[in-house]
Amino acid sequence: MADEEKNQALMDKIVALCKRRGFVFPSSEIYGGFNGFWDYGPYGSRMKRAIENLWWHEMVEMRDNVEGLDSTIICNPTVWKASGHLDQFSDLMTDCKKCKARYRVDQMEDPTTCPACGSKEMTEPREFNLMMKTFVGPVFDDEHVAYLRAETCQPIFVDFHSVQVATRQKLPFGIAQIGKSFRNEINPRNFTFRSREFTQMEMEFFCDGEEGMKWFEYWKEQRIKYYREKLGFPEDFMRIYVHEKLAHYAHAAIDIEVKYPFGWGELEGVHHRGTWDLSRHSEFSGQDLQYIDHDNHRKLMPTVIETSVGLDRTMLALLSLAYDEEKAATQKADMEEDTRVILHLPAAVAPIQVAVLPQSKKLKENAYNLYKSIDRHFRSEYDETGSIGKRYRRQDEIGTPYCITFDFDSLNDNAVTVRDRDTMQQERVNVTQLRDYLEKKMDI
Ligand code: ATP
C-alpha cells in the first residue's frame, strides 16, 4: 500500500475504533451529525479528563507562580474588538465555481486551480470571519450581538489585574485556563483536528520585557519535555516549526507539530506576544493594566509568553501514536490469523488503568470486592462477560495497561495474576501488595 493510502487507512481505523468503543462520535448523530462537532463518550471523556488533569497538574498545581482561572465563554464584545478578532480573525477563502469546493487560500499551493477537480474557475478570495455570533438579551439586533470566545486566553488578559491583586503574585507569574473555544472553521476536517467547538489549555506568563526571550526559551523547553516525559512522544513523532513571518507585535513563535495520520500538524504554539494584549485591553477599557513593581518603584506593562494547546488535538495525537495491530493466531482449529488491536497509551491518560476479570462468574463476589478496593486508586473496570481471551482483547483495544485476573487459587493464596498489555507477561502478585505494585509499574 502506498504511504498515503496506509495513512488514510490508519485514520479510518482510529475513527472506527473511537466510535465502536465509545471514545468519540459525531455530535447529534441521529440527526445526521453536525459538521465540525464531536461528542466524547464514556472512554473518551475519561481520557479527556485525564489529559486535562495531567496538564493542570504540571502547569498549575506543581508551580507556585502559575494561578488558575475559569472564565465565561461569552464576555463583553469589546474584548474581541480589542484583541483584533473582530477585524482580523478571518481566513481568506476561495471557491471552485465548478465543483463548489471551498479552500483556505493560505493552505493552497496554487489558488488559481481547484485541488479537487482541477478547474481554473476559482472565485476571487474573500474574507470569512471565524468568530461565532450569538445574541444576549431579549432582542436579536445588532446592539445585542455577542461572541463565543475564539480562544481561552483573552479572558486571562482581561482578568490579569484582578488575579494579580487577589493573589499578590509578583512578576514573573502565569495564569492558566482550560475551556471551550469556538471557531466557525470553513472546512472542518481530519476528525477532531479541526473542529468548530474544541477545548484549549492555555497559559499566559507575565514577565518583565527584558526577560521575555529567557522565558520564551524556558517555556519552549518545558513543553517539549512534557511531551517527551509525560506523554512519551518519541523524537521522530514531534518537530518544531519556527515561525519566520511573525504577527507585528510578536517577538518569537514556534509550533510544536506532531505526526498525525494525515501528516504533520500543529499541536501547540509557544508565542512571545510582547506587551500587545495588555496594552490593547488598557486602551479599549480605559483601565491601566500596568504592573506596579513596588520593590523598584516603577510601573511596567508586562510582556506575555503564551503556551497554547488543543485538548482534542492532544487526544488525537495520543491515539495516532498508540494505535497498533498485531497478528495473532486464533484458538480455532483452522488457526486462521486474527488481528489484536492495541492502544499503547501511557497509563497516566489511559481511560481505564486497571481491569479486574474473574476467571469464572462463580468468583464474582470476591473479584468485585477487589475491583471496588482498586477503583478508589485507579481508573478501573470490572468485566465478567465472555472468555478471558476476549476480555483481554477488549481491554487491549481501549489501552488498559493492566488486567488483573482473579482465579480459584486466589481464594487460597490471596494473590492475583497481573497481565501487562504491552509485553503480555503475567505476574502473580499478592493482593496486599497490589496497589504499590501497580503504582510503581504505572509510574503515577
Ligand atoms: P491552525 O493553524 O491549525 O488553524 P491556529 O494557529 O489558528 O491553528 P491557535 O490559534 O494558535 O491555532 O490555537 C492554539 C491551539 O488550539 C492550536 O495549537 C490547536 O491545538 C488548537 N486549535 C486551534 N484551532 C482548532 C480547531 N479548529 N480544532 C481543534 N483544535 C484547534
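Student: Quick one: is His297 buried or exposed?

Tutor: His297 counts as exposed, at 72% relative accessibility. Buried means under 20% relative accessible area, exposed over 50%, and partly exposed in between, using a 1.4 Å probe and protein chains only.

Student: What kind of model is this, and how are the residues numbered?

Tutor: It's a predicted model, where local features need pLDDT of at least 70, side-chain atom pairs count only at pLDDT 80 or more, and totals for chains, interfaces and linings use all residues. Residues are numbered from 1 along each chain as its sequence is written, and side-chain values use heavy atoms, leaving out hydrogens and water.

Student: Okay, back to His297. Where does it sit, and what's its phi?

Tutor: His297 is in the loop between strand 14 (291-293) and strand 15 (298-300). Its phi is near 50°, a positive value in a residue other than glycine. Most residues other than glycine have a negative phi.

Student: And what about Ser28, where's that one?

Tutor: Ser28 lies in the loop between strand 1 (24-26) and strand 2 (38-40). Its phi is positive too, near 45°, and Ser28 is partly exposed, with a relative accessible area of 33%.

Student: Which peptide bond is cis?

Tutor: The one from Leu171 to Pro172, with omega near -5°. Pro172 belongs to the loop between helix 6 (160-167) and strand 9 (173-182). Most peptide bonds are trans.

Student: New topic. How many helices and strands are there?

Tutor: The chain has 13 helices and 23 strands. Those are DSSP runs numbered from the N terminus: helices are H or I with at least four residues, strands are E with at least two.

Student: Which strands make the open sheet of three?

Tutor: The order is 5-4-6, with antiparallel pairing; two strands pair if DSSP finds at least two bridges between them. Strand 5 (102-104) and strand 6 (126-129) each have a single partner strand, so one side of each is left without a neighbour in the sheet.

Student: How many bridges join strand 4 to strand 5?

Tutor: Three, with strand 4 covering residues 90-95. Thr94 stands opposite Tyr103 in strand 5.

Student: What do strand 22 and strand 23 form?

Tutor: A hairpin, with five residues between the strands. Met424 in the turn has a positive phi of about 60°. Strand 22 (residues 415-420) and strand 23 (residues 426-430) are antiparallel over five bridges, and Val418 stands opposite Glu427.

Student: Last one: what share of the chain is buried?

Tutor: Buried residues make up 50% of the 444 residues.
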